[in-house]
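Visitor: I'm new to reading protein models, and I'd like to go through one with you. Could you take my questions as they come?

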Amino acid sequence: KEQVKSLRETLGIKVTGPDPPHPVSSFAHFGFDDSLMKVIRKSEYTQPTPIQAQAIPAALSGRDVLGIAKTGSGKTAAFIWPMLVHIMDQRELADGDGPIGLILAPTRELSQQIYTEAKRFGKVYNINVVCCYGGGSKWEQSKSLETGAEVVVATPGRIIDLVKMKATNLTRVTFLVLDEADRMFDMGFEPQVRSICDHTRPDRQTLLFSATFKKRVEKLARDALTDPIRIVQGDIG
Ligand code: ADP
Ligand code: MG
């Protein structure tokens with residue numbers, strides 16, 4: 001117990017919420033299989049970042065996660081790796097044809113960055129990743145969705161448009177990530193983000209990441225997450 005406390009102090013994170021799992025200090029302790037470990041080793045990352053050390057065990061145990069950490073703290077991998085494990089567990093069980101994993105991001109650039117990472121790691125399992133953002137061709141995006149996307153990275157307005165066009169559906173989403181929630185709100189996407197939460201299964205697993213923890217993000221966390229493990233890095237929040 002004391003050891004866990006001091007490891008969290010060393011990592012500079014504060015953790016609250018019911019029964020949080022222990023943080024880990026090494027990639028080997030996540031329990032990832034050899035194929036995923038191989039690409040992680042190829043990225044030349046030496047050890048998990050503080051947010052990864054705590055958020056990944058929490059997400060792998062099926063818990064909802066609220067992660068508050070500044071830009072550059074490695075949040076992308078903190079949700080992508082557990083999402084890939086989730087999809088490998090779910091892909092045989094899930095009926096339907098929509099995505100199993102859905103990642104919402106505020107802008108085209110950010111969604112493309114996440115897409116690149118998701119593809120890089122997802123290819124070890126042949127996971128099909130599709131990126132949909134405002135400003136891109138709806139026709140092209142709906143064509144790529146037809147190829148059977150298991151993971152969709154999207155801006156909130158665009159994925160709603162594509163659902164309305166029946167280019168995809170969200171009935172199979174069991175792993176939802178709200179990335180850069182504060183920026184999505186700054187851009188006016190709050191109604192869309194909330195609508196997407198309301199149109200996905202209530203028993204989904206949800207991860208919410210933000211660089212700041214303002215009132216509106218706090219309220220979204222209360223509404224969209226169930227008994228989350230809240231991880232705050234540094235002095236924010
Ligand atoms: P955030 O989303 O928190 O702003 P990113 O996920 O974009 O941060 O990561 C920032 C940078 O850190 C990226 O270049 C990423 O490849 C790198 N990175 C991620 N995890 C690690 C790690 N464990 N060790 C070293 N670098 C990492
Ligand atoms: Mg990020």
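Visitor: Which residues is ligand 1 surrounded by?

Guide: Keeping in mind that this is a predicted model, ligand 1 is surrounded by Tyr-45, Pro-48, Thr-49, Gln-52, Ala-69, Thr-71, Gly-72, Ser-73, Gly-74, Lys-75, Thr-76 and Ala-77.

Visitor: And how do those residues of the shell divide into nonpolar, polar and charged?

Guide: The shell around ligand 1 holds 4 nonpolar residues, 7 polar ones and 1 that is charged.

Visitor: Which helix does the largest share of that shell come from?

Guide: That is helix H4, made up of residues 75-90, which supplies 3 residues of the shell.

Visitor: New topic: what does UniProt say about residues 25-53?

Guide: An unreviewed UniProt entry annotates residues 25-53 as a short sequence motif, the "Q motif". In the model, 45% of that span is helix and 0% is strand, and its end C-alpha atoms lie 6 Å apart.

Visitor: What about the sheet, in what order do the strands come?

Guide: The open sheet is formed by 8 strands in the order S1-S8-S2-S7-S6-S3-S5-S4, and their pairing is mixed. Strand S1 (13-16) and strand S4 (129-132) each have a single partner strand, so at these edges one side of each is left without a neighbour in the sheet. From one strand to the next, the twist averages 10°.

Visitor: How many bridges join S1 to strand S8, and do they run parallel or antiparallel?

Guide: S1 and strand S8 (residues 229-233) run antiparallel and are joined by 4 bridges, and Ile-13 stands opposite Gln-233 in S8.

Visitor: Which strands does helix H3 touch?

Guide: Helix H3 (residues 50-60) packs on the sheet and touches S1, strand S2 (65-68), strand S7 (205-210) and S8, and its direction makes about 175° with that of S8.

Visitor: Stepping back, how many helices and strands are there in the protein?

Guide: The protein has 10 helices and 8 strands. Its radius of gyration is 17 Å, close to the 18 Å that the globule rule gives for 237 residues, so the protein is as compact as a globular protein of that length.

Visitor: And what box do its C-alpha atoms fill?

Guide: Taken along the principal axes, the C-alpha atoms of the protein fill a box of roughly 55 × 40 × 30 Å.

Methods: Residues numbered from 1 in each chain as written. Chains lettered and ligands numbered in written order. Predicted model: local features only at pLDDT ≥ 70, side-chain atom pairs only at ≥ 80, totals over all residues. Near = placed C-beta within 6 Å. Helix = DSSP H or I, 4+ residues; strand = E, 2+ residues; numbered from the N terminus. Nonpolar A, V, L, I, M, F, W, Y, C, P; charged D, E, K, R; others polar. UniProt positions renumbered as here; feature names shortened; annotations may be inferred. Pairing = 2+ DSSP bridges. Axes fitted to C-alpha atoms, helices over the stretch in contact; angles between N-to-C directions. Contact = placed C-beta atoms within 7 Å. Rg over C-alpha atoms; globule rule 2.2 N^0.38 Å.
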